[in-house]
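Please keep the sequence and the model at hand while reading the points below.

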Amino acid sequence: MDDLVGLAVIVILVVVAGAICGLIALVQLNALKQEVAVLRAKITHLQTHKSISQSEPQSEASTAQAAISRSEPIAHKAQPSLTSQNASPPVINQLSAPPKKAKPAEASAIELLFNKLRAGFEQNWMTWIGAIALAFGGIFLAKYSLEAGLLSPVMRLSLGGLFGLSLIAAAAYLHHKRIVFEGFNNYIPAALASGGFITCFALTLLAYSSYDMLSPTVAFFALAIIAISASAMALRLGPLLAVLGIIGAYSVPIWVSTGSGNLFALLMYIGFVSLSAALVAHKVQRAWLWYLLWVGHIGWYLVGFTLLKANTVWLMGAFALLSIVGLIAIPRLGLKLNVIEHRPHSLKRLIKVLPDHALLLAFIAPLIFTMLISHFDMQWQAIGVLSIVLVLFLVLKNSRWDIWQGVALVISTLLVLGAQRTHLSPNLFDDALFIFKNEYGLGLLLGLLLTAFGLYYGKKQIKRLAFHITGAFSVFVMIATLYTLIPNSALSTAYPLWAVALFVVAAILIKCAQHNTTLFQRFTYWVGANANITLAITMLLSDSGLTIALAVQVLLISVLIKRYNVPMPHWPIKALVAALLLRLTLAPWTPSYDALTVFGLHWSIVVYPLCISLFFAAAKCFDSSKLKIWLEGAALHCLALFITTETSYQLVGHYPQFDSLNFYEQILLTCNWLALGCVYLHRAKLAGTLAKLYKVAGFALAGLAGLFAIKTLLDDNPLFESLYIGELPIFNWLLLLWLVPAGLTLWLAKLVKPINAKATPFILAVAGGFILLAINSFIRQYWQGPYIYLSKGASNAELYSYSVIWLVLGAGTVIFGHLKNQLLIQKVGLGILAAVIVKVFLIDMANLEGLLKALSFIGLGLSLVGLSWLFQKLRSRVNPV
């Protein structure tokens with residue numbers, strides 16, 4: 001099985017190498033095609049120039065020739081070439097293109113290098129495959145000897161070591177005697193050396209982990225010597241040896257797996273392999289060596305978490321912190337960490353510091369995540385604190401890492417959350433000193449230390465804004481985190497201390513804002529002071545107080561931006577508003593908010609209108625800005641939440657439960673969502689880049705309202721069921737059931753017409769249906785009272801009232817259509833009149849006899865004649881002769 005695996009690896013390497021060679025050849029061919037096209041264009045230009053020169057006087061030709069001769073060196077320098085044979089003739093060089101069009105000349109050196117590497121690999125690929133086979137052969141020989149028991153452990157390891165050392169010695173001899181070419185073409189010594197070092201790595205690890213023949217100290221130095229030796233020889237034989245050495249060294253634990261789960265041995269081995277690879281990558285200056293190093297090191301670091309135990313937590317933490325120092329700090333700051341940079345950088349530059357940010361997160365994120373899902377103890381607490389200290393120490397060394405102060409604050413917050421999850425105890429709050437213990441003491445201490453750190457170094461290096469942000473917001477973030485964790489019953493004990501801390505820090509920030517020179521510093525300190533004061537006031541209120549405090553912060557930040565004209569990026573405000581909207585959206589269905597009151601009123605009556613006002617006020621601070629649209633949209637969303645939730649709460653005593661809505665809740669939600677859908681569609685006209693989002697929200701709300709309207713019409717229709725609709729005419733539930741939706745549907749049709757004209761007639765028909773139901777229901781409610789179901793029957797007076805009212809409405813519709821010169825409205829009115837006539841003949845006059853029947857027909861006839869005369873008069877006024 002091992003032979004098959006080795007053969008598969010060799011085949012894969014050959015296929016990958018062939019693909020790389022093909023890609024390089026394709027790039028080279030495209031470059032050659034471009035050069036041929038350039039040469040053809042120059043030859044054409046030369047021929048044209050010669051024909052013009054022959055027709056000009058001899059003196060002018062001499063002058064032009066002299067000018068071309070003076071420009072020849074520059075043109076010749078800009079002429080691209082791959083080899084000496086491709087050099088252009090002097091005549092062509094004299095007319096070469098300007099340097100701006102000679103970009104292939106810069107890439108030709110790189111293409112020449114790739115061409116040289118490809119040619120060398122094509123000539124020596126068998127050598128490399130043979131070297132890989134030798135390395136795998138040494139590993140398989142060691143495993144076979146272990147399984148078959150052919151020789152004693154000492155003899156097996158000795159023979160394997162001699163085999164590896166022989167390969168290394170042969171490589172050194174060939175390189176020293178210069179039997180093959182030097183430099184990148186020195187393939188055979190590099191291949192032999194790589195096989196030897198891989199064998200030595202494998203045997204050393206085998207002797208330590210399987211046979212226990214080496215103590216940890218001896219194994220430590222043995223692996224160090226092998227790694228340093230491999231690095232030294234790679235520096236002499238070229239980076240290609242380093243590639244094979246790095247890949248082979250990182251793959252040794254896979255090929256020589258003992259199954260012991262010895263995390264210390266694994267991390268020690270990976271650490272020294274990475275040290276060796278880092279030295280080589282630093283010396284030969286090849287970026288792809290760093291990529292191999294990062295992938296191998298981080299990959300085994302993540303594998304180490306699968307072997308993590310309670311007594312090895314410190315080991316993973318130490319390995320992560322040492323990795324940050326070795327792979328991020330030392331390459332940037334030097335071995336003695338004395339390459340210091342204090343100049344300030346813009347936020348855009350700080351974000352784009354790669355690969356430093358990615359490497360830091362690769363080591364810190366798995367560590368903190370494991371801490372959160374594990375049992376929090378002193379080991380994790382120490383590792384978290386050491387991580388914060390290391391990150392802040394590196395920030396002091398290099399200003400390009402200023403954004404890492406935010407990472408330190410996040411780690412602090414997660415430390416508090418991890419401690420809270422583990423130390424949660426019902427008896428914790430019996431002791432009044434709990435605010436100084438466990439997560440509460442840790443959070444307060446970290447907040448104060450980070451604030452002191454930011455203020456102190458912000459004063460020393462005033463142009464580095466990240467220090468000021470850390471000093472302004474650390475206490476706010478940590479106490480806000482503790483505030484979300486503490487139960488309401490214990491808040492009265494913790495509040496005095498937290499309020500004092502917040503007010504003291506706010507006073508310090510206000511004092512600092514008065515003595516700072518730059519606009520961003522003053523703005524940061526003012527916002528931080530406002531945040532601390534607002535949080536202190538919030539803790540006096542209920543849980544919804546935090547929401548109000550954050551909304552106030554949005555307004556205060558907006559006012560400060562307008563007052564000081566600060567060119568602040570919009571994304572922090574957008575992130576804060578988004579968090580607020582999420583909190584406001586989930587609050588009505590959060591159990592802790594069910595009986596919550598603010599100033600003696602239910603919280604939603606106070607919080608939603610207040611947030612709406614704050615968002616609209618903040619939007620006024622930004623004239624013709626995208627943030628203005630964003631804040632107005634947030635206000636509309638709060639309005640939608642307020643209308644949706646508060647109407648149901650006032651009606652039935654709880655927020656909407658969409659799986660068990662009653663008749664009246666359905667009516668309210670239909671009106672609310674249809675109105676909000678129209679508002680969103682109207683808002684889409686002015687929303688700019690957010691227009692699509694507003695349209696989607698508008699159509700979604702209108703669609704949900706339509707579903708509730710259909711459900712009410714089919715299942716909870718007061719015309720079919722005994723449902724109470726109110727005592728007063730017109731001002732009853734029928735107004736909201738059908739008349740208000742009719743008006744909103746007409747508005748919806750007007751809004752939809754520019755978007756989809758084909759859907760407008762359908763929406764108008766729905767509006768007409770609502771109007772028909774509303775008017776007939778109002779008439780029936782007038783005669784029948786609060787219950788209008790049809791099975792109660794109808795009196796003659798009620799039937800006549802339908803005819804009279806619809807006759808008046810039909811006539812009025814026709815008149816209105818004539819006045820507005822709208823044929824469609826006229827047709828609708830005539831249709832109404834026709835329906836009234838049919839009803840009169842078939843229903844109203846069906847039971848009349850004698851004089852009443854005659855008078856009814858006479859009255860109907862006179863009415864129709866009068867309407868006809870009126871229509872003619874109106875038509876003559878609209879269309880005069």
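The second largest cavity of this predicted model holds about 50 Å³ of space. The count of cavities of 30 Å³ or more comes to five.

- The lining is made up of Q666, I667, T670, A709, T712, L713, L736, L737, W738 and F770.
- Seven of the lining residues are nonpolar and three are polar, while no charged residue takes part.

**Residue A531**

- A531 belongs to helix 20, which covers residues 519-538.
- Is A531 buried or exposed? A531 counts as buried because its relative accessibility is 2%, and the cut-off for buried is under 20%.
- Once neighbours within four places in sequence are left aside, the contacts of A531 are F473, F476 and Q553.
- A531 and A506 stand 25 residues apart in sequence, and the distance between their C-alpha atoms is 8.3 Å.

**Aromatic pairs**

- How many aromatic pairs does the model contain? The count comes to 18 aromatic pairs.
- Two values, the distance of the centres and the angle of the planes, describe a pair of aromatic rings.
- Y456 and Y457 have ring centres 4.9 Å apart and planes at 85 degrees, so this pair is edge-to-face; the cut-off for that class is over 60 degrees.
- Y456 has a relative accessibility of 48% and therefore counts as partly exposed.
- W603 and Y608 form a tilted pair, with 5.4 Å from centre to centre and 45 degrees between the planes.
- Both W603 and Y608 are buried.

**Other features of aromatic rings**

- One aromatic cluster is formed by Y301, F305, F319 and F363.
- Which residue lies over the face of Y789? K792 lies there, at 5.6 Å from the ring centre.

Technical notes. Residues numbered from 1 in each chain as written. Predicted model: local features only at pLDDT ≥ 70, side-chain atom pairs only at ≥ 80, totals over all residues. Heavy atoms only, no water. 1 Å grid on protein atoms, 1.4 Å probe; cavity = no way out; pocket = protein on both sides within 12 Å on 5 of 7 lines; lining within 4 Å. Points joined across faces, edges and corners; volume = space filled by probe spheres on them. Nonpolar A, V, L, I, M, F, W, Y, C, P; charged D, E, K, R; others polar. Helix = DSSP H or I, 4+ residues; strand = E, 2+ residues; numbered from the N terminus. Buried < 20%, exposed > 50% of the residue type's maximum accessible area, 1.4 Å probe, protein only. Contact = heavy atoms within 4.5 Å. Phe/Tyr/Trp six-rings, centres within 6.5 Å; stacked < 30°, edge-to-face > 60°. Lys NZ or Arg CZ within 6 Å of the ring centre and 35° of its normal.
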